[in-house]
Amino acid sequence: MLYLCVFFHRLLDYRKSEVEALAELFGAFTDPNNGENHFLHWKLPDDFHPDCPFHFVNIPSEDIARNIAHRSILVKGIYEIWGEGSSYEQLEEAVNAYPDERKSPYLTSGSTFKVNIDSFGKTFSTEEQKKLLDRLAFIPFKGKVNLRNPDHEFWFIEIDNYDSNNGLPPIVGKRIFFGREIGAADRKLLPTYQLKSRVYIGPTAMDAEMAFLMANQGLAAPGKLVYDPFVGTGSILVAAAHFGAMTMGADIDIRVVRDGRGPDRNVWSNFKQYGLQEPISLLRADNNLPPWRVGLKEVFDAIICDPPYGVRAAGRKSGGRKLLKGVVGPYTVPEDKRAGHIPSTAAYSLVECVHDLLDLAARMLVMGGRLVYFYPVLREENSPDPTFPEHPCFKLVAVSEQIISYRYSRVLLTMVKVATYTEEVAEAARIMHLDFKANHLKWLEEGNLHSVIFAPAMANLKQEENGDEKFYKESKPKYRGKYV
């Protein structure tokens, strides 16, 4: 069945991938664990820009469409379109031609209904709305109007000219839709979980909207176990727990997972604030030296995380500089100092962090489980498309980019486990990692992304008349990025 999917006009690159992930979660595809990429069939209305909020999508059933709309963060609503046209006359003709057996159950005298009017980039005055409603007099509504809690909701959507401040080119001509609402977004979700009202947050706390998007990409649901190896203040696990998943987290900083900012301001407090099931466990653990016993594998349904790639926080691993360089030998913490001991740590480069993350996911995810994580991208002028880490156990199914500044963006990668982890696979993954490392930028190895983004542009090249290139300095430094 072809439905009209109307999106909120934000995070444009994330919209379709979220819907496709939720379609898989709710059973739109027959065998989600066979390793194939599953995609819905999308279609744009005539003469509409690809970034517009309106897309037709083929979803197998009304129940699946309703579940997607209720759970999605970026879907405003999904509608069964009874008719569309470029004029009111065409709309009336199309609605009258729509099969009566599809319309009549929702027009009976024993039901209540409501008609909403919507557009994109403009609003209608009260008088204009009344005139538009009068144009629907040809539809034989027999029920009573109920504006608060109707049995059925209908939408009259008219798209004409809109302000250019949304970044889209103007549409070629008017388009009018009329249809029945199948499902709509939960408007209270994001205001309830917004960070400014949360008990315990830190400088790297994931925005609530993005945390819920990541949980959707990871297919968090009741009965599933979701793990975050860089848990921080627990924002991602809070989103997964809201959808009913069991959660578990780890962080190398014991002060975060154990203490927080006091007995009533810690990771556990965030779950108590929303009445969510608390994590099974929060570990002080180093992803570079995983704590799992030998033989333990394939226990997590999803690993969802935001690795420390050196913008707001640098990665750390156990050891300390002297220990890693062999200046001092391994030590054992005395029993009388174990309670308050904070182990020493050393720099943990992004290239090493990502390799360890993929290895962890390959070992510990169930077959068909999902790895969802952010990866930074620096875009130089005339640079080729970025490459992303690979692993023999995984297939990349979704890539969604969020532009932070004109040179830096972060990409949400969603990978599905399609092969069993073996020693041969581990060796193949190591070779792939070395090839990726050798062909990537230097900042990946050094983990110096923060200085690359925030440091002032040192000097620019100026082409002189004689063909020589000379450095010159601007009167004021130009910063590559301001907000991250």
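The model is predicted.

**Strands β1 to β3**

Strand β3 spans residues 54-58. It is mostly covered, with four of its five residues buried. Two strands pair with β3. Strand β1 (residues 2-7) runs antiparallel to β3 and is joined to it by five bridges. In this pairing Y3 stands opposite V57. Strand β2 (residues 41-43) also pairs with β3 in the antiparallel sense, over three bridges. Here K43 faces F56 as its opposite residue.

| Strand pair | Direction | Bridges |
|---|---|---|
| β1 (residues 2-7) and β3 | antiparallel | five bridges |
| β2 (residues 41-43) and β3 | antiparallel | three bridges |
| β9 (residues 225-228) and β10 (residues 246-251) | parallel | four bridges |

**The seven-stranded sheet**

Seven strands form an open sheet in the order β11-β10-β9-β12-β15-β17-β16, and the pairing is mixed. Its edge strands are β11 (281-284) and β16, each of which pairs on one side only. From one strand to the next, the twist averages 15°. Helix α7 (residues 208-217) packs on the sheet. Its contacts are with β12 (300-305), β15 (365-378), β16 and β17 (408-417). The direction of α7 makes about 140° with that of β15. Within the sheet, β9 and β10 run parallel. D228 stands opposite G249 in β10.

Strand β16 comprises residues 394-403 and includes S400. Is S400 buried or exposed? S400 is buried, because its relative accessible area is 2%, under the 20% cut-off. Its side chain reaches the backbone oxygen of D13 at 3.3 Å. Leaving aside residues up to four places away in sequence, S400 touches D13, Y14, S17, R410, V411 and L412.

**The largest pocket**

The largest pocket has a volume of about 1000 Å³. It is lined by 49 residues. Those closest to its centre are T204, G232, D251, P308 and A313. Which elements each supply at least two residues of the lining? They are α8 (235-242), α9 (254-259) and β17. Helix α9 gives the most, with three residues.

Technical notes:
Residues numbered from 1 in each chain as written. Predicted model: local features only at pLDDT ≥ 70, side-chain atom pairs only at ≥ 80, totals over all residues. Heavy atoms only, no water. Buried < 20%, exposed > 50% of the residue type's maximum accessible area, 1.4 Å probe, protein only. Polar contact = N/O pair within 3.5 Å; in protein donor to acceptor, adjacent residues only side chain to side chain. Contact = heavy atoms within 4.5 Å. Pairing = 2+ DSSP bridges. Axes fitted to C-alpha atoms, helices over the stretch in contact; angles between N-to-C directions. 1 Å grid on protein atoms, 1.4 Å probe; cavity = no way out; pocket = protein on both sides within 12 Å on 5 of 7 lines; lining within 4 Å. Points joined across faces, edges and corners; volume = space filled by probe spheres on them.
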